[in-house]
Amino acid sequence: MSETKADEKAPLSYYARHVFFCLNERKNGEACCAQHQAQEAFDRCKSQVKAAGLAGPGQVRVNKAGCLDRCAAGPVMVVYPEAVWYSYVDGHDIDEIVESHLKNGQVVERLLTPAHLGR
Ligand code: FES
């Protein structure tokens, strides 16, 4: 087994930013992010990140997630490593998050999930 030199090690964070979208769907009528076009928002975010040349190692990864347990604020997404939560409404909100936060590192204050909202 060969040794790995310190400078050959992977960076601590493989992605500069990692985004998770709740796509949870509840069939029993209870509130869920899937009721609010979460799949469409996820698809739009993925395509916008790719189109902006932001996708990939060292940059941005957008992933699906199940319930993030903040359903009362849904639809929600969260951006790490900053742990910034957003409650978005439509595709324009997604575009703004991509351009402002994921591309330029500026949090979109108007879309922040209210801190007190959980499930
Ligand atoms: S259903 Fe989306 S956070 Fe729970």
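Which residues does F21 touch, not counting residues up to four places away in sequence? The legends below take up this question after an overview of the predicted model.

**Figure 1. Overview of the predicted model.** The protein contains two helices and four strands. Read from the N terminus, these elements follow the order β-α-β-β-β-α. The C-alpha trace spans about 55 × 30 × 25 Å along its principal axes. Of the 119 residues in the protein, 27% are buried.

**Figure 2. Surroundings of F21.** Leaving aside residues up to four places away in sequence, F21 touches A38, A41, F42, C45, K64, A65 and M77. F21 also belongs to the largest nonpolar core, where F21 is one of the residues with the most contacts inside that core.

**Figure 3. The largest nonpolar core.** In soluble globular proteins, nonpolar side chains tend to be buried together. Here the largest such core has 22 residues. V19, F21, A41, C45 and V76 are the members with the most contacts inside it. At least two core residues come from each of strand 1 (17-22), helix 1 (38-51), strand 2 (60-65), strand 3 (76-80) and helix 2 (91-103). The most are given by helix 1, which supplies five residues.

**Figure 4. Helix 1 against helix 2.** Two packed helices are described by the angle between their axes and the distance between the axes. For helix 1 and helix 2, the axes come within 9 Å and cross at roughly 35 degrees. The crossing is right-handed. On the side of helix 1, the contact is made by A41, R44, C45, Q48 and V49. On the side of helix 2, G91, I94, D95, V98 and L102 take part. Sorted by class, the residues of this contact are six nonpolar, two polar and two charged.

**Figure 5. A83 in its loop.** A83 sits in the loop between strand 3 and strand 4 (84-87). Is A83 buried or exposed? A83 is exposed, because 7 other C-beta atoms lie within 10 Å, and a residue counts as exposed at 12 or fewer. Along the chain, A83 and V19 are 64 residues apart, while their C-alpha atoms are separated by 9.3 Å.

Conventions. Residues numbered from 1 in each chain as written. Predicted model: local features only at pLDDT ≥ 70, side-chain atom pairs only at ≥ 80, totals over all residues. Core = buried A, V, L, I, M, F, W, Y, C linked by C-beta atoms within 7 Å. Buried ≥ 20, exposed ≤ 12 C-beta atoms within 10 Å, placed from the backbone. Contact = placed C-beta atoms within 7 Å. Axes fitted to C-alpha atoms, helices over the stretch in contact; angles between N-to-C directions. Left-handed = near helix turned anticlockwise from the far one by under 90°. Nonpolar A, V, L, I, M, F, W, Y, C, P; charged D, E, K, R; others polar.
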